[in-house]
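Here is a note for a colleague who is opening this structure for the first time. Please read the points with the sequence and the model side by side.

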Amino acid sequence: MNLLRFIVLIIVLGIWNLHADNGWVNLFNGNNLHGWTEKAGDAKFYVTNDCIVGEAVSESDTNSVLCTKKRYDNFILELDFKADHQIFSGVHIRSQYAAKDTPWDWDGRPLTIPAGHVYGYLVLIDPSPNHRWWTATLFDERWWTGGIYDELRRQWLYPGILGGNADNFSSQGMKIFNMTNWNHLRIEAVGDTVKTWLNGVPRADIHDSMTPTGFIGLQVRDWISDDDHETLEGAKVRFKNIRLKPVSLPAKKANRGTNTPLANVSSSKFYRQSHI
């Protein structure tokens, strides 16, 4: 009987710890990938030293994403990450998976989401000091960790069509990104508002109601992320302390519409998915 009581106590304490700390829920138990599933790509995802590790395996056009089995709508998400400088990564929120080719239309422009791909909001992890792009001129470099990208749809939202100055964003990112140690990422997705913080500093802030719910995903982009063409295979990004706090909203405040009439955004603002 004492053994039975001890087992029950352990189970109760485990459930309590999962939901402890003022409504925060741990999405990663520190031991295995329970509650997660890989939906796209060929990168390796595994657990070591209390971290989820995403390891690139090759150069490819298909991004790899480890996704939560559950879907979330309004929440605050926090996690710590550490990335090898040549890897290109990110955190999907409210994202979707195309099990088959999925037709999609935006402002009269027909598109197709290819089968086997994850699409939707992606908060970037962009650590490479050699990541040079025409989208940012400061020192011919880009430091856009915490920026928001709409994977396989409208491309860059912030900095981009929903706000933000590319050079100012790079300048700030260069100052706050930790190249050699852990970084803390906070994402608030509440109604039509999505905000991000990197190491406690506000980064992106958009209003957009295109996708109100979806899964959370950890991405490894199977593609070389800098102009020096360093070997990507074996590059790693690590995640830990992944926790989420659901947020309840009155129905009338759940979606207020976007702060920018997207129909008025020029199609010249949009680039191919490979130009992330």
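1. A polar contact is a pair of N or O atoms within 3.5 Å; within protein, one must be able to donate a hydrogen and the other to accept it, and residues adjacent in sequence count only if both atoms are side-chain atoms. At the start of helix α2, a side-chain oxygen of Asn165 comes to within 3.1 Å of the backbone nitrogen of Asp167. Helices (H or I, at least four residues) and strands (E, at least two) are DSSP runs, numbered from the N terminus.

2. The model is a predicted one, in which local features need pLDDT of at least 70 and side-chain atom pairs count only at pLDDT 80 or more, while totals for chains, interfaces and linings use all residues. Residues are numbered from 1 along each chain as its sequence is written, and side-chain values use heavy atoms, with hydrogens and water left out.

3. Helix α2 spans residues 166-176, and Ala166, Phe169, Ser170, Gly173 and Ile176 are buried in it (buried means under 20% relative accessible area, exposed over 50%, partly exposed in between, with a 1.4 Å probe and protein chains only). These residues lie on the same side of α2 because they cover an arc of only 140° around the axis, the arc being that of the directions from the helix axis to the C-beta atoms. On the other side of α2, Asn168 and Lys175 are exposed.

4. The buried residues of α2 pack against β12 (155-158), β13 (183-190), β14 (193-198) and β15 (201-207), where contact means heavy atoms within 4.5 Å. One of the buried residues of α2 is Phe169, and Arg203 lies over the face of its ring, at 3.6 Å from the ring centre. A charge sits over a ring if NZ of Lys or CZ of Arg is within 6 Å of the ring centre and within 35 degrees of the ring normal. The charged end of Arg243 is likewise placed over the ring of Trp24, 3.8 Å from its centre.

5. Gln155, which lies in strand β12, has a phi near 70°, a positive value in a residue other than glycine, and at 6% relative accessibility Gln155 counts as buried. The peptide bond from Tyr158 to Pro159 is cis, with omega near -5°, and Pro159 is found in the loop between β12 and α2.

6. Asn49 also has a positive phi, of about 55°, although it is not a glycine. Asn49 lies in the loop between β3 (44-48) and β4 (51-55), and at 68% relative accessibility it counts as exposed.
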